[in-house]
Amino acid sequence: MISPAFASLLASGRAQFNARAAEARRRFPSLDMAAFGAFLHDGVDPLIIAVAAAAPERVGGATLAAYDMALELVGHGLAGPAAKNPFLNTVWRELAPQFAPLLATAPIDVLGMLSNAAIHLGGVAGARPAQWQRELGALAAQVATLAQLRAVGQVLAWRAGVAHFRQGALAAADTLPPALALAAFGEPGAHWPQVRAQLLDYPWRGNAEGREFGSFSGLGGAFGTPPQVRASADGFVVRSGESHYLLVADAYGAVLHSATAQEFEQAQTSMPAAVRLDGATLQIGARRIELDVPAGDIAIAVNAHTVAVTSPWTHAIRLLPLA
């Protein structure tokens, strides 16, 4: 059952809420009202309880906003028991209530931001939505404005594996109070200009081991055939069979975007002198790395900060810091 506070609000505005639901059914003929009722209980009720405790005089407006948005999300199949993206349910139930003061003053904006972020993170292969939720919730008490919520959310999405957010996240962090920016990077007490400069100059800061990306598409991976890789300014252009991709990777994650055959042909094939391959041993400066693939036909691509290793014996790309 829903809470007495929410039940009272629904009862006092029954005609208004029923009219909203009827209009939603016209817009979304397949709207499952049982699923909507379940989402009211599981997703909307917790945040209404939180707003009622933080700012009881504003709970009516927050309820209307949440009710309308819930109809929209369930109507699109994005929320509710059979949601395409179950993470969205968790964000409403567990994360949104932690921002009760902001929800009270700007419910549409806050729920919109959190919902859009949940949908995006849930659609990025390799992203870590649970990490994003956990870290954003831990900072909720320090987030005082919508602008700060947007910026912190973007920083934490980058840290949760959305590698192509890197430049935008650093720009967003610059808009935050230094203490909050440092908290978002898990480095309280550090000096923000120094941390920022390191993050900007060295995408692998904090991850000296690099990462492996990709696997056979028949097992749920990204590549149907062992990939070939060439370097570009933004990452690596990858060819697998007739498909082409742009791979963006850094210390926090790796993300694959679509690319073209022309971009692959135009990508870099040169190799810096600091990178050498001797059989199955890769040397990067003074480092020697034993590769776990057979010697012969190993290919190396290098951009400004990363070495990518591929082999006809694997569907994975090994990504290693250049410095």
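How many bridges join strand β3 (residues 236-240) to β4? Five bridges join them, and the two strands run antiparallel. Here is a short tour of the structure around that pair and beyond.

## The model at a glance

This is a predicted model, in which local features need pLDDT of at least 70 and side-chain atom pairs count only at pLDDT 80 or more, while totals for chains, interfaces and linings use all residues. Residues are numbered from 1 along each chain as its sequence is written, and side-chain values use heavy atoms, with hydrogens and water left out.

The chain has 13 helices and eleven strands; these are DSSP runs numbered from the N terminus, with helices being H or I of at least four residues and strands being E of at least two. Along the principal axes, the C-alpha atoms fill a box of roughly 75 × 45 × 30 Å. Of the 323 residues in the chain, 49% are buried, where buried means under 20% relative accessible area, exposed means over 50%, and partly exposed is in between (1.4 Å probe, protein chains only). Contacts (heavy atoms within 4.5 Å) between residues at least 6 apart in sequence join residues at least 24 apart in 57% of cases.

## Two nonpolar cores

In soluble globular proteins, nonpolar side chains tend to be buried together. A nonpolar core here is a set of buried Ala, Val, Leu, Ile, Met, Phe, Trp, Tyr and Cys residues joined through side-chain atoms within 4.5 Å. The largest one has 81 residues, and W92, F99, L114 and W132 have the most contacts inside it. Helix α4 (residues 59-75) gives the largest share of this core, nine residues. Another core, of 16 residues, lies apart from it and includes V229, A231, V238 and L319.

What does L114 touch, not counting residues up to four places away in sequence? The list is V91, L95, A96, F99, W132, L136 and L149.

Helix α12 (residues 192-201) has W192, V195 and L199 as its buried residues. They are on the same side of α12 because they cover an arc of only 65° around the axis, the arc being that of the directions from the helix axis to the C-beta atoms. Among the elements that cover these buried residues are α9 (146-159), α10 (166-173) and α11 (178-184).

Q148 lies in helix α9. With a relative accessible area of 14%, Q148 is buried. Leaving out residues up to four places away in sequence, Q148 touches Q142, V143, L176, P177 and L180.

Two strands pair if DSSP finds at least two bridges between them. An open sheet of four strands has the order β2-β3-β4-β5, with antiparallel pairing. Strands β2 and β5 stand at the edges with a single partner strand each, so one side of each is left without a neighbour in the sheet.

β4 and β5 form a hairpin with two residues between them.

## Aromatic pairs

Rings of Phe, Tyr and Trp (its six-membered ring) pair if their centres lie within 6.5 Å; planes under 30 degrees apart count as stacked, over 60 as edge-to-face and the rest as tilted. By this rule there are nine aromatic pairs. F39 and W92 form a tilted one, 5.1 Å centre to centre with 50° between the planes. F39 lies in helix α3 (residues 33-54) and W92 in helix α5 (residues 86-95), so this pair ties together parts 53 residues apart in sequence. Both F39 and W92 are buried.

The rings of F223 and Y245 have centres 5.8 Å apart and planes at 65°, so that pair is edge-to-face. F223 is buried, with a relative accessible area of 0%. Ring pairs also link W158, F185, W192 and Y252 into a cluster.

## I317 and its neighbours

I317 is in strand β11 (residues 317-321), and I317 counts as buried at 0% relative accessibility. Although I317 and F213 are 104 residues apart in sequence, they are 5.2 Å apart in space, C-alpha to C-alpha. Beyond neighbours within four places in sequence, the contacts of I317 include F213, F223, V229, V238 and L247.
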